[in-house]
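Here is a short briefing on one protein model. Look over the sequence and the fold, then read the points below.

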Amino acid sequence: MNLMETYRSIAEAAPKMKKLGIYGSEISGLKYKNGTYNAKPVIYGSNKLGFRVQNEFGDFETVDLKTFAKRFG
């Protein structure tokens with residue numbers, strides 16, 4: 001298998017994420033259940049990394065990295 005065949009197989013196997021935008025540190029266009037979400041990284045508690053996740057209606061929730069990865073990963 002040469003280099004071009006390997007590249008094509010990886011490109012075909014990679015999941016396509018449409019309408020997902022990353023501008024600066026903000027991630028927009030995340031899909032979960034029936035809505036779209038935006039996320040911004042925040043530092044909370046005793047220097048823990050989390051995300052402030054906001055839906056299309058303006059409701060927000062601060063979740064830790066593990067929960068964010070389970071939900072949107």
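Asn55 counts as buried because its relative accessibility is 15%; buried means under 20% relative accessible area, exposed over 50%, and partly exposed in between, with a 1.4 Å probe and protein chains only. Asn55 lies in strand E4. This is a predicted model: local features need pLDDT of at least 70, side-chain atom pairs count only at pLDDT 80 or more, and totals for chains, interfaces and linings use all residues. Residues are numbered from 1 along each chain as its sequence is written, and side-chain values use heavy atoms, with hydrogens and water left out.

**Around Asn55**

- The Asn55 side chain reaches the backbone nitrogen of Asp59 at 2.9 Å.
- That side chain of Asn55 also reaches the backbone nitrogen of Gly58, at 3.1 Å.
- Leaving aside residues up to four places away in sequence, Asn55 touches Thr36 and Tyr37; contact means heavy atoms within 4.5 Å.
- Ala39 is 16 residues from Asn55 along the chain, and their C-alpha atoms are separated by 8.9 Å.

- E4 pairs with strand E5 (residues 60-64) in the antiparallel sense, over 5 bridges; two strands pair if DSSP finds at least two bridges between them.
- Arg52 stands opposite Thr62 in E5.
- The hairpin has 4 residues between its strands, and Gly58 takes a positive phi near 100° there.

**Nonpolar core**

- The largest nonpolar core has 8 residues: Ile27, Leu30, Ala39, Phe51, Val53, Val63, Phe68 and Phe72.
- Strand E2 (26-32), strand E4 (48-55) and helix H2 (65-72) are the elements that give two or more residues to this core.
- A nonpolar core is a set of buried Ala, Val, Leu, Ile, Met, Phe, Trp, Tyr and Cys residues joined through side-chain atoms within 4.5 Å.

**Whole protein**

- The protein has 2 helices and 5 strands; helices (H or I, at least four residues) and strands (E, at least two) are DSSP runs, numbered from the N terminus.
- From the N terminus on, the order of elements is α-β-β-β-β-β-α.
- Of the 73 residues in the protein, 15% are buried.
- Among contacts between residues at least 6 apart in sequence, 11% join residues at least 24 apart.
- The protein exposes about 6,100 Å², and carbon and sulfur atoms supply 56% of it; accessible areas come from the Shrake-Rupley method with a 1.4 Å probe, and for residues only the protein chains shown count as cover.

Note on methods: Polar contact = N/O pair within 3.5 Å; in protein donor to acceptor, adjacent residues only side chain to side chain.
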